[in-house]
Amino acid sequence: MLALGVSSPPPSCSSHHVLASFTYLRISPSLSSSRASSFRGIRIGAGVRDATPVSSRGGAGGGRMVVRMAKREEEMKEIRAKTTEEINEEVIDLKGELLILRLQKSARNEFKSSEFGRMRKRIARMLTVKREREVEEGINKRLSRKLDRKWKKSIVVRPPPSLRKKQEEQKAAEAEKSS
């Protein structure tokens, strides 16, 4: 029969040499067992610390997950406060921004790669809120997709806000030069 116990790492492992926190599981033979074993324990991998939202060390990894969740909830409240038309307009603008980012990437210009994920997630959240409202109204999935196709066909292509802003700045600079 074996007895299980959790122990701290052996003294030979210094904390700055170990990248992640490990839990050592010590398996010791029971008193009734007459055989002696040279097995001292196994190391269970990292990831234990990642499962909890707040770490015991109040440092860098501690409150990040909680803050992200709070920001996400804040963003969802902000999205839910908008009308469906406002959501549609912002989705169009964000998709235009994504297009601009893809063009910058293909031209090998400088850009923030994290913006791709951030914009895609924001679009997904907006479309989720839009679908939630459709469900509340009793619109089934088939009709929703039909309405969505109709909405996509009605979209008028226009430059995204960031590009419009750059164009306005260029026009203002040209006006200053000509005057």
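This is a predicted model: local features need pLDDT of at least 70, side-chain atom pairs count only at pLDDT 80 or more; totals for chains, interfaces and linings use all residues.

Student: In what order do the elements of the chain run from the N terminus on?

Tutor: Helices (H or I, at least four residues) and strands (E, at least two) are DSSP runs, numbered from the N terminus. Here the order is β-β-β-α-α-α-α-α, giving three strands and five helices.

Student: Which residues have the most contacts inside the largest nonpolar core?

Tutor: In soluble globular proteins, nonpolar side chains tend to be buried together. A nonpolar core is a set of buried (under 20% relative accessible area, 1.4 Å probe, protein chains only) Ala, Val, Leu, Ile, Met, Phe, Trp, Tyr and Cys residues joined through side-chain atoms within 4.5 Å. The largest one has 14 residues, and Ile-79, Ile-87, Val-91 and Met-126 have the most contacts inside it. Helices H1 (64-80), H2 and H3 (114-137) each give two or more residues to this core; the largest share, six residues, comes from H2.

Student: What is the place of Glu-97, and which side chain of opposite charge is nearest?

Tutor: Glu-97 lies in helix H2 (residues 84-106). Glu-97 is buried, and the nearest side chain of opposite charge, Arg-164, is 7.2 Å away.

Note on methods: Residues are numbered from 1 along each chain as its sequence is written. Side-chain values use heavy atoms; hydrogens and water are left out. Buried means under 20% relative accessible area, exposed over 50%, partly exposed in between (1.4 Å probe, protein chains only). Lys and Arg count as positive and Asp and Glu as negative; His and the chain ends are not counted. A salt bridge is a side-chain nitrogen of Lys or Arg within 4 Å of a carboxyl oxygen of Asp or Glu.
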